[in-house]
Amino acid sequence: MAEFLGPVCLEMYKDLKGLFRRHAALRVDYAMTLQEKHKNLMEEVKKLRARKDDIVKNSQKDEGASNECKNWIGRVKVVEKEVRELEVKYNNEGKHSCRWVHCCSRYELSKDMVEKTKKVEILFKEGERWIEGTSVDKPLKLMRRKPPLDSEYMLPVHKVTEEKLVSFLRDEKIRRIGVWGIAGSGKTTIMNNLMSNEDSTSMFDTVILVTVLDYWGVKELQDDIMRQLKLDMEGSADMVEKSARILKELQTKKCLILLDNFERKFELDEILGIHDNQHSSKVVLASRSRDICIEMKAGDLIHVERLSPDDAWIMFKEIVGGVIDQFPRIEEVARLVAKECDGLPLLIDTVARNLRNDRDYSHWKSELKQLRTWKNLQGMDEVLQSLECCYNRLDDATKDCFLYGALYPEECKIYVDHLLECWISEGFIHDTSSFRDARDAGHSILRDLINVSFLVRTENSKYVKMNKWPRTMALKISSQNNHYKLLVKPSDRLQYSPQNKEWHEASRISLMDSQLKKLPGTLDCANLLTLFLQRNKDLLDIHKMFFESMRSLQVVDLYGTGIASLPSSLSKLVCLKALYLNSCFKLMKLPSGVKALKCLEVLDIRGTKLDLLQVRSLIWLRCLRISFSNLPKVNHRKGTVSGFCSLEEFSICIDSSQQWIDNIAEATTREVATLKKLTSLQFCFPNLDCLKLFVERSPVWKDNSSFTFQFTVGCQDSAHSPILESVDYPIHNSLKLVDTEGTDEVFGKVLKETDVFGLIKHKQVYSLSDFDTGNMEKMLVCLIEGCDDIEVIIRSTGKREAVLRVLKDLYLRNLLNLVRIWQGHVPDGSLAQLTTLIFSKCPNLKNIFSKGLIQQLHGLQYLKVEECHQIEEIIMKSENRGLIGNALPSLKNLELVHLPRLRSILDDSFKWDWPSLDKIKISTCDKLTRLPFRDQSATKLRRIEGQKSWWEALEWEDQAYKQRLYLLFHPL
């Protein structure tokens, strides 16, 4: 053993000795050449400084520097400061008394100078894009500059968006495309990449990219387009003459015009002298606002969304480099830093480059802290500045509404109705005569904020949320505005109330989702307008003097707190307009002074133990929401409900554990029917007779054309339906028949006004036609679930009138005896607007599409068939003989789940192009061995999902086509 180890150890010793000598030699070399490396650095810095000065001078001539140029100038200044620090170290270098320390110090300094020289050289080269002309982003320069982000970092979102754009450019029917998304989401990167995309450039003779600056008018835009088209600009004086020259050029060439950074509307038809049907050229325009794309007649829109957390991490890690993998401590902080960038590629790129190969753990921690406090952070100012440009274009009311959203936690689901009511109560929405008009105005503002990505809709359209950076900007703006001071505390671990000074200075306070157990006694809050204390479940008591100084308070939300009573000082809130007490399960008592709340318009006491009689004095309420449990259970007193004579919106909710008591149900229905100002009613009628009573007696039902309702008839236990609850229509009439039976004339009367219809566990009805489809002219959404007697959905009577003309979504679930959708003749125009069709657990369903039916479904976008065990073909050949052309031309998403007998989606004899199909999911359909595609079909297909075993068993005629589709396959 020793004989073996001896030579090995000797060789290791020689290797280590050689390695040490090379390392020592390198250190000595760095130390000995310090003077030379210092000289090189100073020369490069001198050149960089001169370039910076030239660019600054040019930018002053050219109406100011672009954001990207400002960012470059800022980074140059940082490097100049770092070089000055190295210069100080260099001048002090001879002061070390220890020779070894002196050598080590020279080595480290020399090494730093080499790295700094490389950084200076990179910055110098980056400055070339502006030194050629001007620091303003002139489009001619943009044609040659490198895209801001490398394409390898865009694969998750931007590459897909780019592919969608290319597919739209191939479509001869599409002439104008709009790309929209929040600042920093990558729109400019996508536009730049289209300039070099071979698929897009090969379709056109000329491709130009114009970046529209804020101060531009028609003249500047036309001039830049003409310059890039290399048109003679001599003598071009007015818009008409210029547009004629542009038109003449476009008539001889097929041109792709990319217009980036539109922040207001331009009339492109007049600027370009063309109309969409007069030329073969195409326009792609990018804006932060969806509305601007629509106003500029973009026929197809693409939303550039944030990167997902996984994709953002991949991009961040790629840019930072290998240091993350080398140091686990840094990886932990790096993930938090990437998360704080909120999926914005611009910010990810800037922050990641600043940390590239940085091994200093303290620097990473500092960067994370700066991101969280948005102070002194390189790159963030550019994002916030872009967002602030959008903010400055909003009108004053919309600005106020946007800033108000920052009271809610980051990424928190915000209930739209609550948000609108707070806006109304704060006075942001005014000059409206009714609560309904105010809501309508609020929805208009909400749409504007969504269209500039300041708010984002969630999967359930009744909620929105505010992402990190819009909220960061809102907090920053409010901190600088003495009239809009927000006090917003992080929701986690807040156990103690803020300092009295903070209460005094704030006009709006949010302490929701905290662990507060008590609130201060006396405060000076004369300016306080909104107070959010939602979900402080440990808050059991409020001091009797708490509200004493809050006489300006307009909104108080105590939802989900543990309070059992409210303090007497509540009566001091003489300006209060909205009070939310819902889900305060222990709340039993209100102070007697509640009648002093003369301005109160919105009151929510659902889920409390309060008796409605405790608030009967508030006859001026406009919006009241209660639970069945709030009604007196014994000796129902006349006027309990009807006394609220000013009510415009009224809701009585029954949770799953409650049922109507017959005598209370009838008495309450009679009183509700007397309310003359109602514009909205949410009500559960225990039986058909109560519904009849309301329809026959209510004046608002008979006379008020703007009256909206959400009615349930029958057993409330079965009435909850997530599908109907998340309908994407802000104001709609809904009717649910739950565990009821038969048809009745009153059902028809209500159905005539119904947008959303749910038929759940209903008996003695065999098709939807039994209710008379003539009563369904307004129906947008229909859910039929658990109705065992249903055999077909529509049974045609031979009429020529279209049936369900405006129906958009049809859900068919748990229908044991459903055999087919349609029986008989299908009139033209029937189901013409249907976009979503879902079948689930219909065990006897065999026929989905008849020939007459499938020809009407030209708008269908989403088809799902799940657990329908008799289905063998999706499009049955026997039912669709002679079918000509592409049926289902708009279908984007096809899902087939657990269909054990399915063997065909579409027979090979049908040559469909599937022109819109984007995604297909096949799960546990083992007998399906062929996909319905051929080469050059389904050109927009981006994703195929299924089990790996299913994919491997598929049969193919063209192996090359199989390989192309394999790139789209994602195993389940």
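Colleague: Over the face of which residue does arginine 329 lie?

Modeller: Arginine 329 lies over the face of tyrosine 361. The distance to the ring centre is 3.8 Å. Keep in mind that this is a predicted model.

Colleague: Where does the charged end of arginine 508 sit?

Modeller: Over the ring of tyrosine 484. Here the charged end is 3.9 Å from the ring centre.

Colleague: Now rings against rings. How many aromatic pairs does the count come to?

Modeller: The count comes to 30 aromatic pairs. To sort a pair, look at the angle between the planes: under 30 degrees is stacked, over 60 is edge-to-face. Take phenylalanine 757 and phenylalanine 771. Their planes stand at 80 degrees and their centres are 5.9 Å apart, so this pair is edge-to-face.

Colleague: Where in the chain do phenylalanine 757 and phenylalanine 771 lie?

Modeller: Phenylalanine 757 is in strand E20 (residues 756-760). Phenylalanine 771 is in the loop between E20 and strand E21 (781-785). The two are 14 residues apart, and the pair links distant parts of the chain. Both phenylalanine 757 and phenylalanine 771 are buried.

Colleague: Why is the pair of tryptophan 951 and phenylalanine 969 classed as it is?

Modeller: Their planes are at 20 degrees, with centres 4.6 Å apart, so the pair is stacked. Tryptophan 951 belongs to helix H31 (residues 948-953) and phenylalanine 969 to strand E30 (residues 969-971), so the pair ties together parts 18 residues apart in sequence.

Colleague: Are tryptophan 951 and phenylalanine 969 buried or exposed?

Modeller: The cut-off for buried is under 20% relative accessible area. Tryptophan 951 has 3% relative accessibility, so it counts as buried. Phenylalanine 969 has 10%, so it also counts as buried.

Colleague: Which residues do ring pairs link into a cluster?

Modeller: Phe683, Phe685, Phe694, Trp701, Phe707, Phe709 and Phe711.

Colleague: Let's turn to helices. What span does helix H11 reach?

Modeller: Compare the span with the one expected at 1.5 Å a residue. H11 (residues 239-250) has twelve residues and reaches 16 Å from its first C-alpha to its last, close to the 16 Å expected.

Colleague: Which residues of H11 are buried, and which are exposed?

Modeller: Lys242, Ser243, Ile246, Leu247, Glu249 and Leu250 are buried. Down the helix axis, the buried residues of H11 fall within an arc of 160 degrees, so they line one face. Val240 and Lys248 are exposed on the other side of H11.

Colleague: What do the buried residues of H11 pack against?

Modeller: Helix H10 (218-228), strand E3 (255-262) and helix H12 (268-272). H10 has buried residues of its own: Leu221, Gln222, Asp223, Asp224, Ile225, Met226 and Gln228. Just after H10, lysine 230 takes a positive phi of about 60 degrees.

Colleague: In what order do the strands of the E6-E8-E7 sheet pair, parallel or antiparallel?

Modeller: Strands of a sheet pair through backbone hydrogen bonds, either parallel or antiparallel. In this open sheet of three strands, the order is E6-E8-E7 and the pairing is antiparallel. Strand E6 (414-415) and strand E7 (456-457) are the edge strands, each pairing on one side only. Two bridges join E6 to strand E8 (residues 463-465). Tyrosine 415 stands opposite tyrosine 463 in E8.

Colleague: Last, a loop. Where does serine 549 lie, and what does serine 549 touch?

Modeller: Serine 549 lies in the loop between strand E11 (530-532) and strand E12 (555-557). Its relative accessible area is 19%, so serine 549 is buried. Leaving out residues up to four places away in sequence, serine 549 touches Leu523, Asp524, Cys525 and Ala526.

Methods
Residues are numbered from 1 along each chain as its sequence is written. This is a predicted model: local features need pLDDT of at least 70, side-chain atom pairs count only at pLDDT 80 or more; totals for chains, interfaces and linings use all residues. Side-chain values use heavy atoms; hydrogens and water are left out. Helices (H or I, at least four residues) and strands (E, at least two) are DSSP runs, numbered from the N terminus. The expected span of a helix is 1.5 Å times one less than its number of residues. Buried means under 20% relative accessible area, exposed over 50%, partly exposed in between (1.4 Å probe, protein chains only). The arc is that of the directions from the helix axis to the C-beta atoms. Contact means heavy atoms within 4.5 Å. Two strands pair if DSSP finds at least two bridges between them. Rings of Phe, Tyr and Trp (its six-membered ring) pair if their centres lie within 6.5 Å; planes under 30 degrees apart count as stacked, over 60 as edge-to-face and the rest as tilted. A charge sits over a ring if NZ of Lys or CZ of Arg is within 6 Å of the ring centre and within 35 degrees of the ring normal.
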